Each structure stands twice: as structure tokens, then as C-alpha cells.
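Open the model in your viewer and colour it by chain.

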Amino acid sequence: MSAGWVLNSVLAVLVLGVAGAIIAVRTLFAAVVGFVVLGLLLAIVWVRLAAVDVALTEAAIGSGVTGAVLIAAASRLRATEKVSVAEQPGPALRVGAGILSALVAAGLAALVVFAADPAPSLAPAAVAHLVELGVGNPVTAVLLAYRGIDTLLEKMVLLLALLGVWSLAPDMVWGGAPEVSAGAVDGGALALLGRVLPPVGIVVGVYVLWVGATDPGGAFQGGAVIASMWILALMAGLLPAPAIRARWVRRALVAGPAVFLAVGMAGFAWPGGFLSYPAGYAKPLIVAIEAALTFSVVIVLGLLAAGPPHHGPGR
Amino acid sequence: MHEFLIGAASVVMAIVALGLLRVLRGPGDADRMMAAQLLGSGGIAALLLVAAGTDRPAVTDVALVLALLAAFASAAFVRHAPGPRPEDIKNT
Amino acid sequence: MTFGRDILTILAVTAGVFFFFAGTVGLLRFPDPLCRLHALTKADNLGLGLIVLGLLPWADGVWGGVKLVGIWLLAQLSGAIVTQMIARAVRHGGEAP
Amino acid sequence: MLFGLVGAALVGLGLFGVVVHPHPLRKILAFNLLGGGVFLLFGVIARRGAAAGLEGDPVPQALVITGIVVAFSATALAVALVRRLFQVMDGADR
């Protein structure tokens with residue numbers, strides 16, 4: 001166990017160091033790179049916490065897609081960095097914020113140190129019905145069976161966020177396409193990456209979705225992997241960014257939640273309750289919902305990363 | 001043997017973490033991306049070592065996803081790297 | 001047989017760790033971005049490759065071994081392309097050493 | 001337990017950053033740091049809840065997965081807002 005303890009300590013020191021650097025470093029871009037690095041470190045921490053499902057999510061969404069969005073934003077906002085240096089807070093605010101933050105952190109640390117013993121756990125309850133559901137991965141069971149409504153609402157949050165992003169476009173470009181590609185200025189290396197990686201990535205994404213029923217993986221992780229491949233192809237200019245008023249975009253966005261809702265509503269008629277699965281059909285239904293969700297997740301995540309429309313539909 | 005593999009994972013992480021000093025020092029953003037790229041490979045190596053060292057093959061999938069997406073952040077960086085771009089001049 | 005397997009793993013993994021070390025030292029000590037990039041590629045190629053080699057005997061069946069090699073190839077491919085992209089960015093961005 | 005303390009420290013650092021940094025993008029970063037700390041606390045709670053042959057309580061783990069996805073959507077929205085904000089401010093200056 002000692003080697004494991006060493007690894008955990010190295011990881012803990014690294015996470016704290018990188019987090020401190022993100023807050024303390026002066027240039028915006030260094031902070032963003034630090035954030036991408038932190039996502040990678042946290043993915044390893046999640047593995048050490050025996051939460052491989054979460055590690056996959058963190059690697060795909062927390063580090064990968066979020067990192068790309070933030071790097072793009074940091075590069076675009078480079079010019080704004082100096083403007084805000086003038087608004088640096090005074091020493092009084094710094095000290096106050098420091099004391100407040102230290103108090104909050106100390107309180108949480110106390111919670112960790114003096115946690116309830118024995119620890120409360122819903123694990124036995126989660127395992128109890130796995131055989132009936134036919135799903136081997138307890139986290140997938142929680143996401144899509146026990147707490148299916150949370151996952152449904154999460155999809156709605158994603159859609160609302162996308163609507164919010166779209167609403168930020170100036171009126172004249174409403175319905176147009178976001179701007180992602182820059183044309184082939186880099187001499188083709190990006191285009192090569194955009195050609196070679198997506199086929200591999202899509203296979204990996206579908207694999208992650210498929211093993212989600214029994215092993216760590218699932219709709220959001222697989223969807224995020226495929227979405228990043230789509231964004232990569234968009235960045236390389238190999239695919240045109242879709243106009244947000246395109247009918248297929250709208251249909252793809254609602255497909256996942258629609259299937260989820262339809263199954264949920266059907267639950268009223270047959271097993272007798274919203275989002276309850278008829279006995280014996282739980283696994284096929286869960287896999288069907290996951291497949292539909294993955295499809296919508298790809299489109300939502302991709303469009304969220306692409307940002308608001310940039311030029312009008314006419315052009 | 002398991003102890004050795006986990007220990008090796010710790011050493012790899014500690015070593016590539018030193019490279020993170022480049023993120024702080026720069027000087028250029030390209031140097032920062034290089035450090036992140038090195039930490040990416042180190043992280044993949046550490047995850048593979050942990051997967052073998054704890055007999056948890058599913059961890060390999062995390063390394064697979066990381067390997068796939070390692071290029072992604074760098075691509076976003078290159079796409080927006082500073083330098084004269086006709087469309088940048090037009091937009092800003 | 002087990003003994004030979006362990007020796008191979010220990011040797012390969014140790015060598016891999018060494019290349020990561022060399023890569024980091026290069027990244028920290030070399031004078032200009034292109035040299036540093038050169039150091040980085042050594043760690044990427046050989047460090048990860050040797051560690052994968054050392055882990056192959058422990059792989060979870062043939063499929064597990066294929067996955068390990070696949071991860072290495074993937075890292076190779078994207079590493080090579082990304083390195084070239086960063087090099088171009090260094091040249092065009094005019095970031096003087 | 002060790003990672004629980006790290007999580008608590010991340011929350012503190014993130015909170016400090018949200019208050020102190022003037023640049024909105026830095027605030028977004030700090031807020032994500034805060035969120036990451038909360039997720040870690042959940043992870044430690046899940047690990048402590050190991051039972052019934054599982055190495056962790058799947059319910060908090062599932063909550064964290066949902067949380068990471070929601071955090072991403074919030075971040076994307078916030079980034080779009082900040083970019084639009086600077087566009088509008090640029091326009092007003094000229």
C-alpha cells in the first residue's frame with residue numbers, strides 16, 4: 001500500500017501546486033494551460049478514488065472540450081488582458097478574500113476529517129436491482145434508472161445553455177453558422193490531424209458508449225469524445241459549421257431528450273410511473289436511450305464549443 | 001511487482017511535473033503548450049502503469065481517451081495562435 | 001518464465017522513466033523553443049513506448065495488448081502532428097528564442 | 001481523506017480567485033476550480049461509502065458526472081457571454 005500512498009501524495013501536491021498557479025500566475029494563457037493540466041491530473045485522482053466513470057468524464061469533458069473552449073477564448077481575449085490590470089483589487093479586499101476563503105476551506109476540511117462514521121452509503125441499494133436491470137455498471141444504473149429524471153433534466157440544462165449561447169449573437173446573424181475554422185493557414189498539419197483522428201475517435205467514442213452498460217463508460221463520455229472529433233474536423237475546415245437554423249440540427253438536438261421522454265411517458269401506461277421500465281425490457285430500453293442521448297450530446301457539446309453564430313444565414 | 005508499477009507511475013508524474021515550470025516561465029505560449037503535451041504523455045504512461053499495478057483494465061480506457069484528446073487542446077491553440085491572419089485582422 | 005517477464009518489465013519501465021526524465025530536463029534546460037520541442041519528442045516516443053513495451057506481458061489478453069499498442073500509436077500520431085503544428089506556430093508567431 | 005483535504009483547499013483557492021481576479025475569464029477559471037474541489041469532496045464521500053462489493057458509492061459518482069457536464073455547459077455559456085461583452089465594449093469605445 002505504501003507505493004499507492006506515495007502516488008497519492010505526489011498527485012495531491014501536484015493538484016495543489018497547479019491550482020495555486022492557476023490563481024497566482026499573471027498571464028491569462030498560462031492560467032488556461034494550467035487548467036487543462038489540472039483536468040488531466042484530476043482524471044488520475046478520480047482513478048485513485050476508484051471512480052473510473054468520473055475519470056473518463058473528467059478526461060473527455062473536464063479537460064478536453066472545456067480546455068479547447070477556454071484556450072480559444074483566451075487567445076481571442078488576449079488584447080483585453082491589459083485593460084483589466086488597472087482594476088486590480090486593493091490589499092484590503094485581498095486580505096478579506098483570503099480570510100474568507102481560508103475559513104471556508106478550513107470548514108470543509110473539518111467536515112472531511114470529522115466525517116460521519118460509519119459512512120452513509122447507498123451502494124447496497126444501488127446493487128440490489130442491477131440483475132433486474134441487466135446493467136452491470138452501477139453508475140450507469142444510477143444515471144439512467146434510479147435517478148433517470150436527473151439525467152433528463154441535465155439534458156435540458158445543456159439545451160438551455162445552448163439557447164443562451166445562441167441568443168448572444170447579434171440579430172442580423174441569427175440562424176447563421178458559428179465560425180470555427182480558420183482556413184488552411186497552418187500548412188496542412190491541422191487538416192491532417194482532422195482527417196486522421198476522427199475515424200479513430202468515433203470508434204473509441206462508440207466503444208466507450210457500448211461498454212458503459214457493464215464497465216466504466218456511457219453516453220456522456222462517449223458523446224464528448226465524438227463531439228471533440230467533430231469540433232476538430234470543424235477547426236480544420238474539413239466540415240462546414242452548420243447553420244443553427246438548419247432543420248437537421250434542431251432535430252438532432254431534441255432527438256435524445258425526446259426518446260428519453262417518450263420512454264418515460266410510456267412508463268405511465270405500462271409499469272405505472274414516469275421513467276419506470278417494464279420488467280425484462282430495462283436493458284434494451286436503457287441502451288436505446290443511451291444511444292439517442294449520445295447522438296444529441298455530440299451535437300449539443302459540439303455547438304456549445306463552437307459558440308454563437310458568426311455570420312448570417314444568407315452568406 | 002504491483003508496488004514497482006505504482007512506484008514507477010509516481011516517479012513519472014513527479015518528473016513530468018517539473019516540466020510544468022515551463023508553463024510558469026514561458027516565455028512563449030508554445031513552450032507552455034509543450035509542457036502540457038509532455039504532461040499529457042506522462043499522464044497516459046502513469047495511467048497505464050496504474051491500470052496494470054491495480055489490476056483494473058478499465059483504467060486503460062481513460063488513458064485511451066486522454067491519448068485521443070491530447071492533440072485536441074494543442075489543435076485549439078494552433079488554430080488561435082498569434083500571428084497575422086487575414087480573418088483576424090478583419091474581425092478585430 | 002515469470003522471472004524473465006518481471007525482468008523485462010522492470011528494465012523497460014525504468015528505461016521509459018529515464019526518457020521522460022531526459023525529456024523534462026531538455027524542456028527545462030535547452031535554450032530555444034525548437035530545441036525544447038526536439039527534447040519533448042524523445043520523451044513522447046521512447047518514454048511512453050518503452051513503458052508500453054514493459055506492460056505488454058501484463059496486458060489483459062490479446063485485446064488488452066492491442067489496446068496498449070493502439071494507445072501508443074495514437075500518442076505517436078497526434079504527438080508528431082502536434083509537434084509540427086507547434087513548430088510552425090513558433091516560426092510564424094515570431095517568438096524569438 | 002487526503003484528496004478530501006485537497007478538495008477543501010481547491011474550494012478555498014477557487015473562492016479567492018473568484019473574488020480577487022478582475023478579468024472575467026480568470027473568474028470563470030477560478031469558479032471551475034471551486035467546482036472541481038466540490039466534486040473531489042463528493043468523490044471522497046463516494047469512496048468512503050464503499051460497500052456491497054463496490055469500491056465506491058455509485059450515487060455521488062453519478063452526481064459528479066452530471067455535475068461535470070452541467071459545469072461545462074455553464075462554462076461555455078459564460079465564455080460566450082464574456083466574448084460578447086468585450087465585443088460590445090469595443091464597439092462603444094470607438
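**The interface between the two chains**

Between chain B and chain A there are 0 salt bridges (a side-chain nitrogen of Lys or Arg within 4 Å of a carboxyl oxygen of Asp or Glu). This is a predicted model, in which local features need pLDDT of at least 70 and side-chain atom pairs count only at pLDDT 80 or more, while totals for chains, interfaces and linings use all residues. Residues are numbered from 1 along each chain as its sequence is written, chains are lettered from A in the order in which they are written, and side-chain values use heavy atoms, without hydrogens and water.

Select both sides of the interface: 44 residues of chain B are in contact with 60 residues of chain A (heavy atoms within 4.5 Å). The two chains bury about 4,300 Å² between them, 80% of it on carbon and sulfur atoms (accessible area, 1.4 Å probe, lost on being put together and summed over both).

**One helix pair**

Next, select residues 28-48 of chain A, which form helix α2(A), together with α3(B) (helices are DSSP runs of H or I, at least four residues, numbered from the N terminus). Their axes lie 10 Å apart at an angle of about 5° (lines fitted to C-alpha atoms over the stretch in contact; angles run from 0 to 180 degrees between N-to-C directions). The two helices are therefore roughly parallel (under 35 degrees).

Show side chains here: A:Val33, A:Leu40 and A:Ile44 are among the α2(A) residues that meet α3(B), where the partners include B:Met33, B:Leu39 and B:Gly43.

How values were computed
Angles under 35 degrees count as roughly parallel, over 145 as roughly antiparallel, 65 to 115 as roughly perpendicular and the rest as oblique.
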